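Reader: Please take me through one part of this model in close detail, and then connect that part to what surrounds it. I would like every term to come with its cut-offs.

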2 protein chains.
Amino acid sequence: MRRALVLLSGGIDSTTLLHYVKKTLRREVYAISFNYGQRHSRELEMAKWQAKEVGVVEHRIVDISFLKDLAVSALLDEKAQLPSWEEAQQGTPSTYVPNRNMILLSIAISYAESRRIPEIYYGAQRQDYSGYWDTRPEFIEAMNRVLKLNPDFQIQIIAPFVNYRKADIVRLGLKLGVNYEMTWSCYRGGDEPCGVCPSCVDREKAFKEVGLHVK
Amino acid sequence: MRRALVLLSGGIDSTTLLHYVKKTLRREVYAISFNYGQRHSRELEMAKWQAKEVGVVEHRIVDISFLKDLAVSALLDEKAQLPSWEEAQQGTPSTYVPNRNMILLSIAISYAESRRIPEIYYGAQRQDYSGYWDTRPEFIEAMNRVLKLNPDFQIQIIAPFVNYRKADIVRLGLKLGVNYEMTWSCYRGGDEPCGVCPSCVDREKAFKEVGLHVK
(Lines give C-alpha, C1' and ligand atoms only; values in the text may rest on other atoms or scores of the structure.)
Protein backbone atom coordinates (compact mmCIF):
# COMPACT_ATOMS: atom_id res chain seq x y z
CA MET A 1 0.00 0.00 0.00
CA ARG A 2 1.33 3.43 -0.96
CA ARG A 3 2.21 5.70 1.95
CA ALA A 4 0.76 9.19 2.29
CA LEU A 5 1.15 11.99 4.80
CA VAL A 6 -1.80 14.26 5.57
CA LEU A 7 -1.44 17.76 7.03
CA LEU A 8 -4.18 17.65 9.63
CA SER A 9 -5.34 20.81 11.42
CA GLY A 10 -8.57 19.44 12.84
CA GLY A 11 -10.72 21.74 10.72
CA ILE A 12 -13.26 20.73 8.07
CA ASP A 13 -10.96 20.69 5.05
CA SER A 14 -8.04 18.67 6.38
CA THR A 15 -10.28 16.27 8.31
CA THR A 16 -12.26 15.48 5.19
CA LEU A 17 -8.98 15.07 3.34
CA LEU A 18 -7.78 12.58 5.94
CA HIS A 19 -10.86 10.40 5.45
CA TYR A 20 -10.62 10.77 1.66
CA VAL A 21 -6.97 9.68 1.53
CA LYS A 22 -7.67 6.70 3.76
CA LYS A 23 -11.06 5.53 2.48
CA THR A 24 -11.13 6.57 -1.18
CA LEU A 25 -7.45 6.52 -2.12
CA ARG A 26 -6.72 3.66 0.30
CA ARG A 27 -3.31 4.90 1.32
CA GLU A 28 -1.28 3.87 4.36
CA VAL A 29 -1.86 7.15 6.18
CA TYR A 30 0.46 9.21 8.38
CA ALA A 31 -0.72 12.51 9.86
CA ILE A 32 1.11 15.62 11.02
CA SER A 33 -0.33 18.51 13.04
CA PHE A 34 1.18 21.68 14.40
CA ASN A 35 0.99 23.44 17.71
CA TYR A 36 1.99 26.98 16.91
CA GLY A 37 0.40 28.94 19.69
CA GLN A 38 -2.71 29.48 17.62
CA ARG A 39 -5.69 30.87 19.49
CA HIS A 40 -7.73 27.84 18.59
CA SER A 41 -5.66 25.00 20.07
CA ARG A 42 -8.84 23.00 20.55
CA GLU A 43 -8.52 22.00 16.92
CA LEU A 44 -5.56 19.82 17.93
CA GLU A 45 -7.79 17.67 20.14
CA MET A 46 -10.06 17.21 17.16
CA ALA A 47 -7.09 16.30 14.98
CA LYS A 48 -6.06 13.62 17.47
CA TRP A 49 -9.57 12.20 17.59
CA GLN A 50 -9.85 12.07 13.80
CA ALA A 51 -6.42 10.51 13.34
CA LYS A 52 -7.41 7.75 15.74
CA GLU A 53 -10.80 7.41 14.04
CA VAL A 54 -9.34 6.60 10.62
CA GLY A 55 -6.47 4.57 12.08
CA VAL A 56 -3.28 6.32 10.99
CA VAL A 57 0.10 4.61 11.27
CA GLU A 58 1.51 7.56 13.18
CA HIS A 59 0.25 11.02 14.14
CA ARG A 60 2.96 13.55 14.91
CA ILE A 61 2.24 16.86 16.61
CA VAL A 62 5.06 19.30 16.07
CA ASP A 63 5.65 22.22 18.38
CA ILE A 64 6.38 25.34 16.38
CA SER A 65 5.35 27.82 19.04
CA PHE A 66 8.38 29.93 18.08
CA LEU A 67 6.09 31.31 15.40
CA LYS A 68 4.15 33.33 17.95
CA ASP A 69 7.22 35.41 18.79
CA LEU A 70 8.50 35.61 15.27
CA ALA A 71 5.57 36.40 13.02
CA VAL A 72 3.01 39.18 13.07
CA SER A 73 -0.60 37.94 12.77
CA ALA A 74 -3.99 38.51 14.39
CA LEU A 75 -4.30 34.73 14.56
CA LEU A 76 -1.36 34.45 16.95
CA ASP A 77 -1.81 37.66 18.95
CA GLU A 78 -4.39 37.28 21.68
CA LYS A 79 -4.75 41.03 22.04
CA ALA A 80 -5.42 41.67 18.34
CA GLN A 81 -8.98 42.09 17.12
CA LEU A 82 -10.13 39.43 14.68
CA PRO A 83 -11.54 40.69 11.37
CA SER A 84 -15.23 40.36 10.55
CA TRP A 85 -16.22 37.96 7.77
CA GLU A 86 -16.71 40.93 5.41
CA GLU A 87 -13.30 42.38 6.25
CA ALA A 88 -11.70 38.98 5.69
CA GLN A 89 -12.94 38.92 2.05
CA GLN A 90 -10.81 41.89 0.97
CA GLY A 91 -7.21 41.07 0.08
CA THR A 92 -5.05 39.33 2.63
CA PRO A 93 -6.85 39.19 6.00
CA SER A 94 -5.12 40.10 9.26
CA THR A 95 -5.35 36.43 10.29
CA TYR A 96 -2.77 35.59 7.61
CA VAL A 97 0.42 34.25 9.26
CA PRO A 98 3.38 35.24 7.07
CA ASN A 99 4.62 32.22 5.12
CA ARG A 100 3.02 29.81 7.56
CA ASN A 101 2.02 27.25 5.00
CA MET A 102 5.53 26.97 3.57
CA ILE A 103 6.80 26.37 7.11
CA LEU A 104 4.21 23.65 7.74
CA LEU A 105 4.87 22.01 4.37
CA SER A 106 8.65 22.15 4.72
CA ILE A 107 8.49 20.38 8.08
CA ALA A 108 6.06 17.83 6.65
CA ILE A 109 8.47 17.26 3.75
CA SER A 110 11.35 16.60 6.17
CA TYR A 111 9.28 14.04 8.02
CA ALA A 112 8.03 12.45 4.79
CA GLU A 113 11.55 12.18 3.37
CA SER A 114 12.78 10.57 6.60
CA ARG A 115 9.94 8.04 6.50
CA ARG A 116 10.07 7.52 2.73
CA ILE A 117 6.53 8.80 2.20
CA PRO A 118 6.17 9.99 -1.42
CA GLU A 119 2.89 11.92 -1.15
CA ILE A 120 1.88 14.84 1.07
CA TYR A 121 -1.80 15.76 1.09
CA TYR A 122 -2.63 19.40 1.74
CA GLY A 123 -6.17 20.65 2.35
CA ALA A 124 -6.00 23.89 0.39
CA GLN A 125 -9.37 24.86 -1.10
CA ARG A 126 -10.82 27.48 -3.41
CA GLN A 127 -12.49 29.79 -0.92
CA ASP A 128 -9.17 30.68 0.65
CA TYR A 129 -7.61 31.82 -2.64
CA SER A 130 -8.66 35.44 -2.40
CA GLY A 131 -7.01 35.87 0.97
CA TYR A 132 -4.16 33.42 1.24
CA TRP A 133 -1.63 33.24 -1.58
CA ASP A 134 -0.13 30.10 -0.05
CA THR A 135 -3.26 28.03 -0.73
CA ARG A 136 -3.39 28.69 -4.49
CA PRO A 137 -2.64 26.13 -7.22
CA GLU A 138 0.33 28.24 -8.43
CA PHE A 139 1.86 28.06 -4.96
CA ILE A 140 1.53 24.30 -4.81
CA GLU A 141 2.97 23.92 -8.32
CA ALA A 142 5.92 26.14 -7.47
CA MET A 143 6.60 24.16 -4.29
CA ASN A 144 6.52 20.94 -6.29
CA ARG A 145 9.07 22.39 -8.71
CA VAL A 146 11.42 22.87 -5.75
CA LEU A 147 10.88 19.27 -4.63
CA LYS A 148 11.64 17.92 -8.10
CA LEU A 149 15.26 19.01 -7.53
CA ASN A 150 15.81 16.51 -4.73
CA PRO A 151 17.95 13.78 -6.32
CA ASP A 152 17.43 11.16 -3.63
CA PHE A 153 13.72 10.96 -2.94
CA GLN A 154 10.78 12.38 -4.86
CA ILE A 155 7.91 13.84 -2.87
CA GLN A 156 4.81 15.46 -4.29
CA ILE A 157 2.41 17.86 -2.59
CA ILE A 158 -1.14 17.02 -3.62
CA ALA A 159 -4.18 19.21 -2.95
CA PRO A 160 -7.25 17.33 -4.20
CA PHE A 161 -9.66 20.01 -2.94
CA VAL A 162 -7.90 22.96 -4.49
CA ASN A 163 -10.86 23.64 -6.78
CA TYR A 164 -13.55 22.75 -4.24
CA ARG A 165 -15.69 25.15 -2.26
CA LYS A 166 -16.15 24.36 1.43
CA ALA A 167 -19.70 23.04 0.85
CA ASP A 168 -18.36 20.63 -1.81
CA ILE A 169 -15.87 19.33 0.75
CA VAL A 170 -18.58 18.79 3.36
CA ARG A 171 -20.76 16.98 0.80
CA LEU A 172 -17.89 14.61 0.08
CA GLY A 173 -17.17 14.18 3.78
CA LEU A 174 -20.74 13.23 4.57
CA LYS A 175 -20.54 10.45 1.98
CA LEU A 176 -17.34 9.28 3.66
CA GLY A 177 -18.98 9.27 7.10
CA VAL A 178 -16.99 12.15 8.61
CA ASN A 179 -18.23 13.23 12.03
CA TYR A 180 -18.13 17.02 11.76
CA GLU A 181 -18.98 17.50 15.42
CA MET A 182 -15.39 16.41 15.98
CA THR A 183 -13.88 19.23 13.92
CA TRP A 184 -13.04 22.76 14.98
CA SER A 185 -13.04 25.92 12.88
CA CYS A 186 -13.35 28.89 15.27
CA TYR A 187 -10.34 31.24 15.35
CA ARG A 188 -11.02 31.92 19.03
CA GLY A 189 -9.98 29.58 21.79
CA GLY A 190 -13.24 29.32 23.74
CA ASP A 191 -15.18 26.22 24.77
CA GLU A 192 -17.85 26.97 22.18
CA PRO A 193 -17.36 28.38 18.67
CA CYS A 194 -17.85 32.19 18.70
CA GLY A 195 -20.08 32.11 15.63
CA VAL A 196 -18.88 35.45 14.29
CA CYS A 197 -15.23 35.08 13.23
CA PRO A 198 -14.65 34.55 9.48
CA SER A 199 -13.91 30.87 10.01
CA CYS A 200 -17.12 30.26 12.00
CA VAL A 201 -19.14 32.08 9.36
CA ASP A 202 -17.59 30.05 6.52
CA ARG A 203 -18.32 26.86 8.43
CA GLU A 204 -21.91 27.81 9.08
CA LYS A 205 -22.49 28.81 5.45
CA ALA A 206 -21.10 25.48 4.20
CA PHE A 207 -23.16 23.42 6.65
CA LYS A 208 -26.28 25.41 5.82
CA GLU A 209 -25.78 24.89 2.08
CA VAL A 210 -25.73 21.11 2.48
CA GLY A 211 -28.47 21.06 5.13
CA LEU A 212 -26.28 19.88 7.98
CA HIS A 213 -27.13 20.85 11.53
CA VAL A 214 -23.91 20.74 13.50
CA LYS A 215 -22.21 23.46 15.55
CA MET B 1 19.28 51.96 4.43
CA ARG B 2 17.91 48.77 2.89
CA ARG B 3 17.14 46.01 5.37
CA ALA B 4 18.58 42.52 5.01
CA LEU B 5 18.28 39.30 6.99
CA VAL B 6 21.25 36.94 7.21
CA LEU B 7 20.93 33.23 8.03
CA LEU B 8 23.78 32.88 10.49
CA SER B 9 24.99 29.46 11.63
CA GLY B 10 28.28 30.55 13.17
CA GLY B 11 30.34 28.68 10.57
CA ILE B 12 32.78 30.17 8.07
CA ASP B 13 30.36 30.77 5.20
CA SER B 14 27.50 32.50 6.97
CA THR B 15 29.81 34.49 9.23
CA THR B 16 31.69 35.86 6.23
CA LEU B 17 28.34 36.59 4.61
CA LEU B 18 27.24 38.56 7.67
CA HIS B 19 30.31 40.79 7.46
CA TYR B 20 29.94 41.14 3.69
CA VAL B 21 26.29 42.22 3.89
CA LYS B 22 27.06 44.74 6.61
CA LYS B 23 30.39 46.14 5.46
CA THR B 24 30.34 45.79 1.66
CA LEU B 25 26.62 45.99 0.86
CA ARG B 26 25.99 48.37 3.79
CA ARG B 27 22.62 46.94 4.69
CA GLU B 28 20.72 47.38 7.93
CA VAL B 29 21.35 43.82 9.10
CA TYR B 30 19.10 41.40 10.97
CA ALA B 31 20.32 37.89 11.78
CA ILE B 32 18.53 34.59 12.42
CA SER B 33 20.04 31.38 13.83
CA PHE B 34 18.59 28.01 14.65
CA ASN B 35 18.90 25.68 17.58
CA TYR B 36 17.86 22.32 16.19
CA GLY B 37 19.55 19.90 18.48
CA GLN B 38 22.58 19.76 16.22
CA ARG B 39 25.63 18.07 17.70
CA HIS B 40 27.64 21.22 17.31
CA SER B 41 25.63 23.73 19.35
CA ARG B 42 28.82 25.64 20.08
CA GLU B 43 28.37 27.28 16.71
CA LEU B 44 25.46 29.23 18.21
CA GLU B 45 27.77 30.94 20.68
CA MET B 46 29.93 31.95 17.76
CA ALA B 47 26.87 33.23 15.89
CA LYS B 48 25.94 35.42 18.87
CA TRP B 49 29.47 36.79 19.11
CA GLN B 50 29.61 37.62 15.40
CA ALA B 51 26.15 39.22 15.36
CA LYS B 52 27.25 41.52 18.18
CA GLU B 53 30.57 42.17 16.45
CA VAL B 54 28.98 43.59 13.30
CA GLY B 55 26.17 45.29 15.22
CA VAL B 56 22.95 43.76 13.92
CA VAL B 57 19.58 45.38 14.64
CA GLU B 58 18.24 42.11 16.03
CA HIS B 59 19.53 38.55 16.28
CA ARG B 60 16.84 35.91 16.70
CA ILE B 61 17.61 32.35 17.73
CA VAL B 62 14.76 30.05 16.86
CA ASP B 63 14.25 26.74 18.63
CA ILE B 64 13.43 24.04 16.12
CA SER B 65 14.56 21.13 18.25
CA PHE B 66 11.48 19.20 17.05
CA LEU B 67 13.66 18.36 14.07
CA LYS B 68 15.69 15.92 16.14
CA ASP B 69 12.65 13.70 16.70
CA LEU B 70 11.23 14.14 13.25
CA ALA B 71 14.08 13.79 10.79
CA VAL B 72 16.65 11.06 10.24
CA SER B 73 20.23 12.34 10.03
CA ALA B 74 23.68 11.50 11.38
CA LEU B 75 24.01 15.19 12.24
CA LEU B 76 21.15 15.01 14.74
CA ASP B 77 21.67 11.52 16.10
CA GLU B 78 24.38 11.39 18.76
CA LYS B 79 24.71 7.64 18.40
CA ALA B 80 25.25 7.69 14.62
CA GLN B 81 28.75 7.51 13.21
CA LEU B 82 29.81 10.58 11.26
CA PRO B 83 31.11 9.95 7.73
CA SER B 84 34.76 10.45 6.85
CA TRP B 85 35.65 13.32 4.50
CA GLU B 86 36.04 10.83 1.64
CA GLU B 87 32.66 9.24 2.33
CA ALA B 88 31.04 12.66 2.43
CA GLN B 89 32.15 13.41 -1.16
CA GLN B 90 29.98 10.66 -2.67
CA GLY B 91 26.37 11.64 -3.28
CA THR B 92 24.30 12.86 -0.37
CA PRO B 93 26.22 12.38 2.91
CA SER B 94 24.61 10.89 6.01
CA THR B 95 24.90 14.32 7.68
CA TYR B 96 22.21 15.61 5.30
CA VAL B 97 19.10 16.61 7.28
CA PRO B 98 16.05 16.02 5.07
CA ASN B 99 14.75 19.33 3.75
CA ARG B 100 16.45 21.26 6.53
CA ASN B 101 17.37 24.26 4.44
CA MET B 102 13.80 24.78 3.22
CA ILE B 103 12.67 24.73 6.85
CA LEU B 104 15.29 27.29 7.87
CA LEU B 105 14.51 29.49 4.88
CA SER B 106 10.73 29.30 5.33
CA ILE B 107 11.04 30.43 8.96
CA ALA B 108 13.42 33.21 7.92
CA ILE B 109 10.90 34.29 5.27
CA SER B 110 8.11 34.48 7.87
CA TYR B 111 10.25 36.67 10.08
CA ALA B 112 11.39 38.82 7.15
CA GLU B 113 7.82 39.33 5.94
CA SER B 114 6.73 40.32 9.44
CA ARG B 115 9.57 42.84 9.71
CA ARG B 116 9.31 44.04 6.09
CA ILE B 117 12.82 42.89 5.21
CA PRO B 118 13.03 42.39 1.43
CA GLU B 119 16.30 40.45 1.22
CA ILE B 120 17.40 37.19 2.82
CA TYR B 121 21.08 36.29 2.54
CA TYR B 122 21.91 32.60 2.48
CA GLY B 123 25.48 31.27 2.74
CA ALA B 124 25.22 28.44 0.22
CA GLN B 125 28.54 27.77 -1.54
CA ARG B 126 29.88 25.63 -4.34
CA GLN B 127 31.65 22.93 -2.37
CA ASP B 128 28.38 21.75 -0.87
CA TYR B 129 26.71 21.22 -4.27
CA SER B 130 27.72 17.63 -4.72
CA GLY B 131 26.20 16.55 -1.44
CA TYR B 132 23.37 18.91 -0.61
CA TRP B 133 20.75 19.59 -3.26
CA ASP B 134 19.31 22.39 -1.12
CA THR B 135 22.43 24.56 -1.53
CA ARG B 136 22.41 24.59 -5.34
CA PRO B 137 21.57 27.60 -7.54
CA GLU B 138 18.55 25.74 -9.00
CA PHE B 139 17.15 25.27 -5.50
CA ILE B 140 17.50 28.96 -4.69
CA GLU B 141 15.93 29.96 -8.01
CA ALA B 142 12.98 27.61 -7.45
CA MET B 143 12.45 28.97 -3.94
CA ASN B 144 12.47 32.50 -5.33
CA ARG B 145 9.83 31.52 -7.87
CA VAL B 146 7.58 30.50 -4.98
CA LEU B 147 8.17 33.83 -3.23
CA LYS B 148 7.29 35.80 -6.38
CA LEU B 149 3.70 34.60 -5.88
CA ASN B 150 3.25 36.55 -2.65
CA PRO B 151 1.06 39.50 -3.64
CA ASP B 152 1.70 41.60 -0.53
CA PHE B 153 5.42 41.67 0.03
CA GLN B 154 8.29 40.64 -2.22
CA ILE B 155 11.23 38.86 -0.64
CA GLN B 156 14.27 37.52 -2.44
CA ILE B 157 16.73 34.88 -1.30
CA ILE B 158 20.23 35.92 -2.29
CA ALA B 159 23.28 33.64 -2.15
CA PRO B 160 26.32 35.74 -3.15
CA PHE B 161 28.78 32.89 -2.49
CA VAL B 162 26.93 30.27 -4.48
CA ASN B 163 29.82 30.01 -6.96
CA TYR B 164 32.60 30.42 -4.40
CA ARG B 165 34.79 27.73 -2.95
CA LYS B 166 35.42 27.83 0.78
CA ALA B 167 38.94 29.24 0.31
CA ASP B 168 37.50 32.10 -1.80
CA ILE B 169 35.13 32.90 1.04
CA VAL B 170 37.94 32.96 3.60
CA ARG B 171 40.01 35.24 1.34
CA LEU B 172 37.11 37.69 1.17
CA GLY B 173 36.53 37.43 4.92
CA LEU B 174 40.14 38.22 5.73
CA LYS B 175 39.84 41.43 3.70
CA LEU B 176 36.71 42.27 5.69
CA GLY B 177 38.46 41.66 9.00
CA VAL B 178 36.54 38.54 10.02
CA ASN B 179 37.92 36.85 13.14
CA TYR B 180 37.80 33.18 12.19
CA GLU B 181 38.78 32.06 15.66
CA MET B 182 35.23 32.99 16.55
CA THR B 183 33.61 30.58 14.07
CA TRP B 184 32.80 26.91 14.49
CA SER B 185 32.72 24.18 11.85
CA CYS B 186 33.09 20.84 13.64
CA TYR B 187 30.10 18.50 13.41
CA ARG B 188 30.91 17.17 16.88
CA GLY B 189 29.98 18.98 20.06
CA GLY B 190 33.31 18.88 21.92
CA ASP B 191 35.31 21.73 23.40
CA GLU B 192 37.85 21.47 20.62
CA PRO B 193 37.24 20.71 16.92
CA CYS B 194 37.73 16.98 16.24
CA GLY B 195 39.84 17.63 13.15
CA VAL B 196 38.58 14.58 11.26
CA CYS B 197 34.88 15.13 10.43
CA PRO B 198 34.15 16.35 6.86
CA SER B 199 33.44 19.85 8.08
CA CYS B 200 36.73 20.08 10.03
CA VAL B 201 38.66 18.79 7.02
CA ASP B 202 37.00 21.32 4.67
CA ARG B 203 37.81 24.11 7.11
CA GLU B 204 41.43 23.07 7.44
CA LYS B 205 41.88 22.75 3.67
CA ALA B 206 40.45 26.24 3.11
CA PHE B 207 42.61 27.83 5.82
CA LYS B 208 45.71 26.04 4.53
CA GLU B 209 45.05 27.25 0.96
CA VAL B 210 45.04 30.89 2.05
CA GLY B 211 47.88 30.43 4.57
CA LEU B 212 45.79 31.08 7.67
CA HIS B 213 46.78 29.47 10.95
CA VAL B 214 43.61 29.19 13.02
CA LYS B 215 41.97 26.14 14.59
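Author: A:R26 lies in the loop of chain A between α1 (12–24) and β2 (28–35), where helices (H or I, at least four residues) and strands (E, at least two) are DSSP runs numbered from the N terminus. This is a predicted model, in which local features need pLDDT of at least 70 and side-chain atom pairs count only at pLDDT 80 or more, while totals for chains, interfaces and linings use all residues. Residues are numbered from 1 along each chain as its sequence is written, and chains are lettered from A and ligands numbered from 1 in the order in which they are written. Although A:R26 is not a glycine, its phi is positive, at about 55°. A:R26 is exposed, with 11 other C-beta atoms within 10 Å; here a residue is buried if 20 or more other C-beta atoms lie within 10 Å of its own, exposed if 12 or fewer, and partly exposed in between, with C-beta atoms placed from the backbone.

A:N99, in the loop between α4 (85–88) and α5 of chain A, also has a positive phi, near 55°, in a residue other than glycine. A:N99, however, counts as buried, with 28 C-beta neighbours inside 10 Å.

As a rule, an α-helix has 3.6 residues a turn, so residues three or four places apart point the same way.

A:S9 counts as buried, with 22 C-beta neighbours inside 10 Å. Once its neighbours within four places in sequence are left aside, A:S9 is in contact with A:S14, A:S33, A:E43 and A:A47, two residues being in contact if their C-beta atoms, placed from the backbone, lie within 7 Å.

In chain B, strand β1 (residues 3–7) holds B:V6, a residue that counts as buried with 30 C-beta neighbours inside 10 Å. Apart from neighbours within four places in sequence, the contacts of B:V6 are B:S14, B:L17, B:L18, B:V21, B:V29, B:A31 and B:Y121. B:V6 is also among the residues with the most contacts inside the largest nonpolar core, together with A:L5, A:V6, A:A108, B:L5 and B:A108, and that core has 126 residues. Such a core is a set of buried Ala, Val, Leu, Ile, Met, Phe, Trp, Tyr and Cys residues joined through C-beta atoms within 7 Å.

Helix α6 (residues 137–147) of chain A leads on to the other chain. Its buried residues are A:F139, A:I140, A:M143, A:V146 and A:L147. Seen down the axis of α6(A), they fall within an arc of 115°, so they line one face of the helix. Their cover includes α5 (100–115) and β5 (156–158) of chain A, together with α6 of chain B.

Across the interface, 32 residues of chain B are in contact with 32 residues of chain A. On the side of chain B that touches chain A, β3 (58–63), α3 (66–70), α5 (100–115) and α6 (137–147) of chain B each supply at least two residues, and α5(B) gives the most, with 10 residues. By class, this side has 19 nonpolar, six polar and seven charged residues; Ala, Val, Leu, Ile, Met, Phe, Trp, Tyr, Cys and Pro count as nonpolar, Asp, Glu, Lys and Arg as charged, and the others, Gly among them, as polar. The copies meet through the same surface, because 100% of the interface residues of chain B are also interface residues in chain A.

Chain B can be laid on chain A with an RMSD of 0.0 Å by a turn of 180° and a shift of 0.0 Å along the axis, the copies being superposed by least squares on the C-alpha atoms of residues with pLDDT of at least 70 in both. That is the relation of a two-fold axis. In chain B, the C-alpha nearest the axis belongs to B:I103, at 3.0 Å from it.

As for confidence, the predictor gives the complex an ipTM of 0.93 and a pTM of 0.94. Chain A has a mean pLDDT of 92, with 97% of its residues at 70 or more, where pLDDT is the predictor's confidence in each residue, from 0 to 100.

Methods:
Arc of directions from axis to C-beta.
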